[in-house]
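Grab a pencil and work through these exercises one at a time. Try each task yourself before you read its solution.

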Amino acid sequence: MLENEPDYSSINRFISFLNLIFVGKIIQMSDILTKTMGSTLRTGKEVLLKAFRLMATAKTLAEKYEANKEITAKYVHATSRGHEAIQLAVGLQLKPQDWVSPYYRDDSILLGIGMTPYDLMLQVFAKKDDPFSGGRTYYSHPSLKRDDMPKIPHQSSATGMQAIPTTGIAMGIQYKEKTGIAEDYKGENPVVVCSLGDASCTEGEVSEAFQMAALKQFPIVYLVQDNGWDISANAAETRAQDITHYAQGFKGIEVRTIDGSDFDLSFQTVQEVFEIVRKERRPFIIHAKVPLLGHHTSGVRKEWYRDDLEEAATRDPYPKLKEIIRELEGEADVINIEAEVRKLVDEDYEKALNAEDPIPSSVTDFIFAPTPVTEEKGEREPAGKKKTVMVDSALFAVREIMSQHPEALLYGQDVGGRLGGVFREAATLAQTFGDDRVFNTPIQEAFIIGSTVGMSAVGLKPFVEVQFADYIWPGLNQLFTEVSRSNYLSNGKWPVSCVIRVPIGAYGSGGPYHSSSVESVLANIRGIKVVYPSTGADLKGLMKAAFYDPNPVVILEHKGLYWSKIAGTEGAMSIEPDEDYIIPIGKARIVQEASDSAIEKGESCVVITYGRGVYWTLEAAKQYEGRVEILDLRSINPLDMEAIYTSVEKHGKVLLVTEESVEASFTLGLAGRIQRDCFTHLDAPIGLVGAIDTPAIPLNSILEAELLPNADKVKTGLDNLLNY
């Protein structure tokens, strides 16, 4: 080698080392660093000491739970044993403006952000003061909204389901930054972290989240903790590849694969990735290889099926970090820290075990967040206006809302500027408000619905659209698991404020995949509101109420009423209400009253219906002038039971009309409620007219007509009822 010539062999070794990082191969980073740089330690002593204390805390918690499993296993829990290093590396670097979605094995993340053992054990015992859910959900299923800590929206047990709501948070943050309504964090822009197990990444909804993050370049880090196990199934049985290889199909997501049991390496990797994301606003995956040292859960024990426990123990992060602290501080300090942690855990355990339980009456708290819309306001029929088709009434409502509220936006399939919705229900909105506020999504019903959780959490008010009711099924997992339960299971901290628009119903031979009615399924999802207007005025008023409601609202919009092209549905056209018009959700409307004389003679009845059923009933009721009251529910959940009971008691005879099939339906359930609560007022069996009970609606128009209700079928129902 010539004098002053660079040592190319050393440089080449270092370049090779960097290449190993970037290609994402699983490597023993501490060994490589020792050979190339002479030292593995790059994290400061203060951080290492804090991490060791917290790692000791996590380990001691797990040991305490196991030693007292007869008590602690009353409610299912899992712990972070084996995962502590990577989790603490994340938790210790999150800032109050950040967002994190831990999953059920992430108690070390929670310790890292500042939660105490007492906080966590209040949840393991399902106590009243559990800071996450008030005793409603499992250990390490957090939800947190504290000013001095990163924010955590509601976390469910459904593995992988957190990917979509958390990606929705990142989407919301990006939207706020693009539109100039984001908070100023002086360059320390928020990072969103979504924690996943590698096994959960086989879920289709994780793929939907990755697709959107890659497509839109959201500021999110997916922390994938890979311990090689599902429950009793190992990776070789269930995964064709780990996330490093899988992620290569998502262009624009950068991946770091590391030994997640090495705290120093984990901390440095997380620090680097966070700094990039705060500055460059793009997505990453940190793939951390970790051992699973604890049980899958307290109810599924490792010794039942594991044959790799001895090997896993050799990768325990605790002795690795303990040895570093021993070298830095000495044996005495290690002993003192462990003793202090044991004392704290023991004290907090006794305190949490004896803490107050929830009171029974609290079981109904936080089903819905209180809505500010409690009465009808504004002018329903302003003078001098012409009637408007129903679809335009909705369009005008959204336009007025978006003009007043920069936090409002609209997205879904084909709602963007080129088409404005397949029913033109979003026509001109993209041109008016821009592509950042009105935009198309991929064909991802789960993402469309589930992302509203994150969008709402960051303070936005999304309108989203499922193109047809038949397409809502892929989104039901998110609607049921995440959207509907967020307020209740977070103890009121995270209501999901969103409006989900769903064109519904049979019209014009739509066939089996564009004609279904789904209200019975939706009515059984507690925690969402479901409305079903029959006129343009009601659609506009309810759209406004849905927007201002802090809860998730599904609006079912009958596509056969959109333009009133079906004979007999002209009444769906209405004078457009003024801009201030609003209708409380859960208030029925009397469409037509019976005469006093018919009521007095006992010759009247009430028809309770909604949607297109209003128009079949109006046509049939022409044969019984003065004898038929029509009550339009307008809302499926909550129901206006006061109006229903008042009408039943007034008339004594009730006919229910629905477009759904009769059996096992929402309407049949309503009949049961009426019979249960109003039996002494009934003068005849409750009548029910609905569709024929078939698996699907046929394409052929003759078969479609045979299956659906119509005015003649309603007339027959009225004949039977009034002549009883």
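**Exercise 1.** How far apart do the C-alpha centres of domain 1 and domain 2 lie?

*Solution.* A quick note before we start: this is a predicted model, where local features need pLDDT of at least 70, side-chain atom pairs count only at pLDDT 80 or more, and totals for chains, interfaces and linings use all residues. Residues are numbered from 1 along each chain as its sequence is written, and side-chain values use heavy atoms, with hydrogens and water left out.

Step 1: find the domains. The protein chain splits into domain 1 (45–362), domain 2 (387–575) and domain 3 (589–723), with bounds that come from an automatic or database domain assignment.
Step 2: take the C-alpha centres of domain 1 and domain 2, and you get 35 Å between them.
Step 3: look at who takes part in the contact (heavy atoms within 4.5 Å). Domain 1 puts in 38 residues and domain 2 puts in 35 residues.

**Exercise 2.** Work out how much area domain 1 and domain 2 bury between them, and what sits there.

*Solution.* Step 1: buried area is the accessible area (1.4 Å probe) that two parts lose on being put together, summed over both. Here that comes to about 3,000 Å², with 66% of it on carbon and sulfur atoms.
Step 1: Arg136, His154 and Tyr175 supply 23% of the area that domain 1 buries against domain 2, more than any other three residues.
Step 2: check the polar side. The rule finds 15 residue pairs in polar contact across this interface, both residues at pLDDT 80 or more. A polar contact is a pair of N or O atoms within 3.5 Å; within protein, one must be able to donate a hydrogen and the other to accept it, and residues adjacent in sequence count only if both atoms are side-chain atoms.

**Exercise 3.** Is Thr43 buried or exposed, and which side chains does the side chain of Thr43 make polar contacts with?

*Solution.* Step 1: locate Thr43 in the loop between α2 (29–37) and α3 (45–67). Helices here are DSSP runs (H or I, at least four residues), numbered from the N terminus.
Step 1: Thr43 counts as buried because its relative accessibility is 6%, and buried means under 20% relative accessible area (1.4 Å probe, protein chains only).
Step 2: list the partners. The Thr43 side chain makes a polar contact of 2.6 Å with the side chain of Asp264, and another of 2.9 Å with that of Gln268.

Notes. Helix = DSSP H or I, 4+ residues; strand = E, 2+ residues; numbered from the N terminus. Buried < 20%, exposed > 50% of the residue type's maximum accessible area, 1.4 Å probe, protein only.
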